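Here is a short briefing on a ligand site and some backbone features. Please view the structure first.

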Amino acid sequence: DEVRIFCPATVANVNCGFDSLGFALEGIGDEMVFRKTEGRGVTITEITGDDLPMEAHNNVAGVAGNAMLEGINDDFGVEIEIHKKIRCGSGIGSSSASAAGAVYGINQLLDEPLSNLELTRYAMKGEALASGNEHADNVAPCIYGGTTLVTGYSPLKIIALPPLEKVYVGILHPHITIKTKEAREILPKTVPLADAIKQSQHLAGFVASLYEWDKELFSESIQDMLVEPHRKQLIPHFDEIRTISKENQCIAFGISGSGPSMFCLAFAKAHIDSYLAKSVALYQENGLQVDSYSSRISG
Ligand code: HSE
């Protein structure tokens, strides 16, 4: 028996929901293949597309998969092939795709005994290996699809938000390295009350805009008072790229997860494509390599 799955790239935080909000992207993602074996635990048999550890205990897919196999305590092992298409360290959920993919694929092999919430809990173990912290804002949308909100970590609670069919996404990935762990360490431990109030208004506004589709409220709500001011200096030309997004009628712009990728949203594909072309040109003029993707939020 063999199971083959697609594990989508994801955008975490979405400005107004640090460690809480995330969405999955259409068409950008890894592939993974699963087979049941007689032994015990996860064996990674092949990795293509990137140079990642094959030993299960050093690999996010291995760690998440083994946590799940121990949890369900069944009498078999699993072989996993990982075909990476999402660049590691890009900020669009590369490690999360492997962690979420591992538990999702094993669940498919077993005829789906576990819920998405239980799968997310195991996937977070793999995510922790990569980032030093168990957050679910990338793994949850990867498992559930669409847009998800973590409303609690202890106990874990996840809400699948209404689909965002009318929104186009642009991803820009300048080739610099930002480690999630370091991007978390530079954040202040406390925030001013006035900023906390604004941020909670934005997250509430974002959620409300989806239940009774309100274009204007949606666009106004995707702002980050808390994290972006500290992280944006890690990303070259960040403010100039934001200006390009506005000049091209895009409605939201920010850091994807802990960066260096940036996400941009618009109500027309033409706006995203023109924003991407101009932003890529700006990076190239400055001698920086960059990848760009035009996508949608998955349904
Ligand atoms: N919420 C996480 C962060 C996502 O921004 O640090 C990256 O893993």
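The side chain of Arg231 places an N or O atom 2.8 Å from an oxygen atom of the ligand, a polar contact (a pair of N or O atoms within 3.5 Å; within protein, one must be able to donate a hydrogen and the other to accept it, and residues adjacent in sequence count only if both atoms are side-chain atoms). Of the 260 Å² of accessible area that the ligand has on its own, the protein covers 96% (Shrake-Rupley method, 1.4 Å probe; for residues, only the protein chains shown count as cover). This is a predicted model: local features need pLDDT of at least 70, side-chain atom pairs count only at pLDDT 80 or more, and totals for chains, interfaces and linings use all residues. Residues are numbered from 1 along each chain as its sequence is written, and side-chain values use heavy atoms, with hydrogens and water left out.

**Ligand site**

- An N or O atom in the side chain of Arg184 is 2.6 Å from an oxygen atom of the ligand.
- Asp137 has a side-chain N or O atom 2.6 Å from a nitrogen atom of the ligand.
- The residues around the ligand (a heavy atom within 4 Å of it) include Phe18, Asp19, His135, Asn138 and Thr180.
- By class, this shell has two nonpolar, six polar and four charged residues (Ala, Val, Leu, Ile, Met, Phe, Trp, Tyr, Cys and Pro count as nonpolar, Asp, Glu, Lys and Arg as charged, and the others, Gly among them, as polar).
- The ligand sits in the largest pocket.
- A pocket is an open set of points on a 1 Å grid over the protein atoms alone, where a 1.4 Å probe fits, with protein on both sides within 12 Å along at least five of seven lines.
- To sit there, a molecule needs more than half of its atoms within 2 Å of the grid points.

**Cis peptide bonds**

- Most peptide bonds are trans.
- Ser154 and Pro155 are joined by a cis bond, with omega about 5 degrees.
- Pro155 is in the loop between β5 (147–153) and β6 (156–160); strands (E, at least two residues) and helices (H or I, at least four) are DSSP runs, numbered from the N terminus.
- Gly259 to Pro260 is also cis, with omega near 5 degrees.
- Pro260 lies in the loop between β8 (252–255) and β9 (262–266).

**Positive phi**

- Most residues other than glycine have a negative phi.
- Asp111 has a positive phi of about 65 degrees, in the loop between α2 (94–109) and α3 (116–131).
- Asp111 is exposed (over 50% relative accessible area), at 70%.
- His237 has a positive phi of about 65 degrees, in the loop between α8 (228–231) and α9 (238–247).

Note on methods: On a 1 Å grid over the protein atoms alone, a cavity is a set of points where a 1.4 Å probe fits but cannot get out, and a pocket is an open set with protein on both sides within 12 Å along at least five of seven lines; lining residues have an atom within 4 Å of a point. Buried means under 20% relative accessible area, exposed over 50%, partly exposed in between (1.4 Å probe, protein chains only).
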